[in-house]
Amino acid sequence: MHRITGRAGGDNLIEMSPTESFNDDINGYNQHASSSTGSFQQGQSASFLTPDVCVETCESLSASLASLASSDHSDSPQFEAQTLERISALTGIDKQQQSKDSVFFRDGLRRIDFVLSYVDDKAGERKQERRRVYEANLAKVGLELETEDKSESEDGKTYFVKIHAPWEVLATYADVLKIKVPFKVNDIPDNTEMPMNWLSTPFRLPETIMHPEPDFFTAPFDKSKSDFFLIDDKETFFPPSNRNRIVYYILSRCSYLREECGDKDKKGIKRLLNNGTYTAAFPLHDCRYWKKSRDTHCESERYSLYKHWARFLFFFKEQPLNLVRKYYGEKIGIYFAWLGFYTEMLLFAAIVGTICFVYGVLTYDENEWSKEICSGEIGGKIVMCPLCDKKCGFWKLNSTCNSSWQSHLFDNVGTVFFAIFMGIWVTLFLELWKRRQARLEYEWDLVDFEEEQQQLQLRPEYETKCSNRKLNRITQEPEWVLSRTATDLLAKLFLCWATVILWEMEPYLPITSKCARLCLSGATVIFWISLIIACIIGVIAYRLAVYAAFASIMKDNPTSHLQVVGPYITPQLATSVTASCINFVIIMILNLMYERVAVWITDMEIPKTHLEYENKLTVKMFLFQFVNYYSSCFYVAFFKGKFVGYPGNYAYMFGRWSKLRNEECDPGGCLIELTTQLVIVMTGKQVWGNIQEALVPWLMNWWGSRKARKHPESIYSRWEQDNDLQSFGQLGLFYEYLEMVIQFGFITLFVASFPLAPLLALINNIIEVRVDAWKLTTQYRRPVAAKAHSIGAWEEILSGIAVLSVVTNAFIVAFTSDMIPRLVYMYAYHPDGEMNMKGYINNSLSMFNISAIPVANSPEEGENPAWFNSSITTCRYRDFRYPSGHEKQYSHTMQFWHILAAKLAFIIIMEHVVFMVKFFVAWMIPDVPSDVRARVKRERYLVQEYLHNYEVDKLKKQLTHNNCSNDCTCPPMIYPTLSKHEVLSECL
């Protein structure tokens, strides 16, 4: 390996490569790039060198090293100073003058593609052995290593192993991974200029930022045809994102045990990070985010991203998606493209929702039923039956005056229009995103990604578990199958699938193993969902129990002395707010617990590819989050106030013995409570999410780098700065998607109850785009670049939410809102035949004799208000039932059935209309724009033509070269395997 290590002070020797002698270069200090490896043998006598000493591999330098090594004063400070002076004279490199922004080895030529860090534990001999073998195996596959001693780190205890991939390794694995590279400048004219393009000038970024590189025709790299591609400089041909992707592919498949141990499961950087052998593994940022690199060979793309993208002052500017894709890879680029498009589409929904809310404000004074409730002549004389047993007294209808006015802001005709509009909006959003995604697939060379990469994205964990080979009946090539384990045998006995034929015919996971793992996974998910439901039932029980206490405390209106908010605080509002806050806390706690469980059960299923792994985890997490976040809203919207009963025959949650009487809605309806629940959960989640995403990483980075700030004179190198940042993690992007999809559910599933939800989401997302960009650019290590041609399983989830939202909004308007009962009254039951709402409140309340109320339901002594006396013989409750004394007393009136029929008819009509419009819009808008489809076909044709011409020219040259011979012996068109290095491509 390209590394020399020594001892400083009393430290022991660091593990060294077990090679016999120096080869070409040591420790990265030679001035000529080479792929040969070498190290100083550990067994040589008294080979104590100062840390990070690099020398050029030549005869004079070897002699100098030998003379230094044979010194009798190798431990003295004078020896160390003398060594540094002689090494500086030999190499011309001064360690103390090294740039803080260096992304190169000490020779200034070889780029650092990846960095591994570790803290040497003197008692951890097994870790030392793992690192020694692992790094030796990395050298075998051609990677070049250079180690920074702990004395050079700012904390004085961390070692850094810098990794460089030379051209041979990059070319070989680019061929293995089918990385697309340019072979010709794109000459297809771009006719996408929009009319009046000057209007968008204030929102545009400089052209060099939006399009950091020219458009090329690309083709999968073929090492045997390297002269076909536009290779101007081998060192810069593959961008850093592709380089770190290739290196990570090797790191994740390299073993850390000797071959004679025979344990194939012991491989990959992920396991080494988990067992503490290494503390971190990451590619480097190219510079500090607030300042360009002084090295002219460094792109300083991080600085450009921070300057033009990651600052909130640029919230109105377009995103430099091409630069994001170039720096972070397509997977992160596609996320920000989706988030930006989603935010743009929210603008239209927010405008329409705001208009509907303004309509409710403007028609505030036309709210006839609220006037009746607040009127002393009508609402002040209507005595309502107690809302709970024992602790609740009789009350007057006008006490709900404020809530009825608030309800009108969201429960009006505009709400129906907005619910229909959102059903169409969500279809437009999904269809237009498909078109946007198709255009990105073409521009980012991802058109054939899924077919090409399906096999090349095999997870290392799957490869290690599948220890047996079998013949694929289609390709007639060996494939991996899962080894027979105790789990498989147990599953066979349990599922009665123990047949040899079944085992032999299954090409991947045996059906027994798959069923056993899926059954355990499904049972775990069901258990956790049941746990959520149990918690929600507990919150409902809290609401029922606490409401009585609030009603008893507030019967004399003790909050009336509070300024502004006092008159608005009612037992219903206090119960709803406190229950919503408790529910939010439970949601957060369960989220933290379930995340680990979801990852564990997904790992247990052994998904074959990274795409399959992410899709399985996505479904599990979203199913859990769906129940966790939306269950309380579903309860308020569709269950509260629907199964109450009537005085004398109330319904109880767990039976009469529980004394937990089901909740009733206000006379104005439950819609205002659903709005309160939605605002608290949605807003609380967004605020908490932004705190977690921005403040927590900043505080951790600030605390972690405090020592470096205290010692500015020490060299705080690029790898040390990045090491002090937070790790983005393999699932970092997954949580970003999850957050936005949960928000998408809030603004679509329950938008009929809160038209301002899209506006809140829009404000949050404008901040979210810049917060995500800021934290990714400044607070996190550079993620490993990854490819993705779409948003994956999230697209199917969004489509499912879109369909479900039509149903939920139709039911909210029909059953949660009072819209349908009011319309039925106005058109069919108004006594004077006029088209107004006078008398609606009196018509919507049924009557009950107070004397008939059972003792168990009657208020205790002292609970009734002072104005209540024995002259009041009847009370009213919210329902359509015949009064006492009627031949059908307490049974539902015909108006109830008419209203129910109208509600069902509204649901059917609304759903059919919206679905018809949705399907028509989806049919009218093609998923792939016509110009993109044409350009894809044109590019494929040109690629084939250029490849054909290339082969013909190559054949002509060979024929010319062999013109003296009748027989043409052309070499096979495959790339030769490396003679000295392994190729870790078990997936081929």
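Are Lys775 and Glu736 buried or exposed? Both Lys775 and Glu736 are buried, where buried means under 20% relative accessible area, exposed means over 50% and partly exposed lies in between, computed with a 1.4 Å probe on protein chains only.

The model is a predicted one, in which local features need pLDDT of at least 70 and side-chain atom pairs count only at pLDDT 80 or more, whereas totals for chains, interfaces and linings use all residues. Residues are numbered from 1 along each chain as its sequence is written, and side-chain values use heavy atoms, with hydrogens and water left out.

The side chains of Lys775 and Glu736 form a salt bridge with an N to O distance of 2.3 Å; a salt bridge is a side-chain nitrogen of Lys or Arg within 4 Å of a carboxyl oxygen of Asp or Glu. This pair links distant parts of the chain, since Lys775 belongs to helix H26 (residues 757-779) and Glu736 to helix H25, 39 residues apart. Helices (H or I, at least four residues) and strands (E, at least two) are DSSP runs, numbered from the N terminus. The relative accessibility of Glu736 is 6%, so this residue counts as buried. Apart from neighbours within four places in sequence, Glu736 is in contact with Tyr335, Glu693, Glu768, Asp772 and Lys775, contact meaning heavy atoms within 4.5 Å.

Two packed helices are described by the angle between their axes and the distance between the axes. The axes of helix H11 (residues 330-362) and helix H25 (residues 732-749) come within 11 Å and cross at roughly 20°. That makes H11 roughly parallel to H25. Here axes are lines fitted to C-alpha atoms, for helices over the stretch in contact, and angles run from 0 to 180 degrees between N-to-C directions. Angles under 35 degrees count as roughly parallel, those over 145 as roughly antiparallel, those from 65 to 115 as roughly perpendicular, and the rest as oblique. The crossing of H11 and H25 is left-handed, a term used if the near helix is turned anticlockwise from the far one by less than a right angle, with right-handed used if clockwise.

Which residues of the two helices meet? From H11 come Lys331, Ile332, Ile334, Tyr335, Trp338, Leu339, Tyr342 and Leu346, and they meet Leu733, Glu736, Tyr737, Met740, Gln743, Phe744 and Ile747 of H25. By class, this contact of H11 with H25 has 12 nonpolar, 1 polar and 2 charged residues. Ala, Val, Leu, Ile, Met, Phe, Trp, Tyr, Cys and Pro count as nonpolar, Asp, Glu, Lys and Arg as charged, and the others, Gly among them, as polar.

Other salt bridges can now be considered. The count comes to 30 salt bridges. One of them joins Arg110 to Asp107, with the closest N and O atoms 2.7 Å apart. Arg110 counts as buried at 2% relative accessibility, and Asp107 counts as buried at 7%. Another salt bridge brings together the side chains of Asp818 and Arg878 (2.6 Å, N to O). Asp818 lies in the loop between helix H27 (793-816) and helix H28 (819-829), and Arg878 in strand E14 (residues 874-878), so the pair ties together parts that are 60 residues apart in sequence. Asp818 is buried at 7% relative accessibility, whereas Arg878 is partly exposed with a relative accessible area of 32%. Salt bridges that share partners also join Arg106, Glu146, Glu148 and Lys162 into one network.

Attention may turn next to helix H4. In H4 (residues 167-176), 9 of the 10 residues are buried, so this helix is largely enclosed by the rest of the structure. Its buried residues, among them Trp167, Leu170 and Tyr173, pack against helix H6 (234-237) and helix H7 (240-251). Just after H4, Lys178 takes a positive phi of about 55°.

A last stop is Glu911, in helix H30 (residues 894-924). Glu911 has a relative accessibility of 15% and therefore counts as buried. The C-alpha atoms of Glu911 and Thr808 are separated by 9.9 Å, although the two residues are 103 residues apart along the chain. Leaving aside neighbours within four places in sequence, Glu911 is in contact with Val806, Val807, Ala810 and Phe811.
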